[in-house]
Amino acid sequence: MNPDSSYESRERALALLRKSVDSPSVGFRRGQWEAIDALVNRRERLLVVERTGWGKSSVYFIATRILRSRGRGPT
């Protein structure tokens, strides 16, 4: 993996998150980027278990969007 690809993915993921919640200042909650990184850059299998409202759907939607932009299938 290109060392810059993780950074680019994080910036892309953050832009997608901010667009989805229509807030230019929002950031990832603890563990969200790590989950996206595991899915997108390390191609790991992952089950996210967190409380309601934590943003699990955002993790899967953002990871899927990035993977599809790279020509890969769904998460």
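Start by selecting Asp37, Arg42 and Glu44: these residues are linked in a network of salt bridges, each being a side-chain nitrogen of Lys or Arg within 4 Å of a carboxyl oxygen of Asp or Glu. Before you go on, note that this is a predicted model, where local features need pLDDT of at least 70 and side-chain atom pairs count only at pLDDT 80 or more, while totals for chains, interfaces and linings use all residues. Residues are numbered from 1 along each chain as its sequence is written, and side-chain values use heavy atoms, with hydrogens and water left out.

Now zoom in on Arg42. Its closest N and O atoms with Asp37 are 2.6 Å apart, and for the Glu44–Arg42 bridge that distance is 2.8 Å. Searching the whole structure turns up 2 salt bridges.

Colour by accessibility next (buried is under 20% relative accessible area, exposed over 50%, partly exposed in between, with a 1.4 Å probe and protein chains only). Asp37 is buried at 11%, whereas Arg42 is partly exposed at 43%. Glu44 is partly exposed too, at 36%.

Last stop: select Gln32, in helix α2, residues 32–40 (helices are DSSP runs of H or I, at least four residues, numbered from the N terminus). Is Gln32 buried or exposed? It counts as buried, at 4% relative accessibility. Show its neighbours, leaving out residues up to four places away in sequence, and you get Trp54, Gly55, Ser58 and Val59 (contact means heavy atoms within 4.5 Å). Finally, draw a distance from the Gln32 side chain to the backbone oxygen of Gly55: 3.3 Å.

Terms used:
Helix = DSSP H or I, 4+ residues; strand = E, 2+ residues; numbered from the N terminus. Polar contact = N/O pair within 3.5 Å; in protein donor to acceptor, adjacent residues only side chain to side chain.
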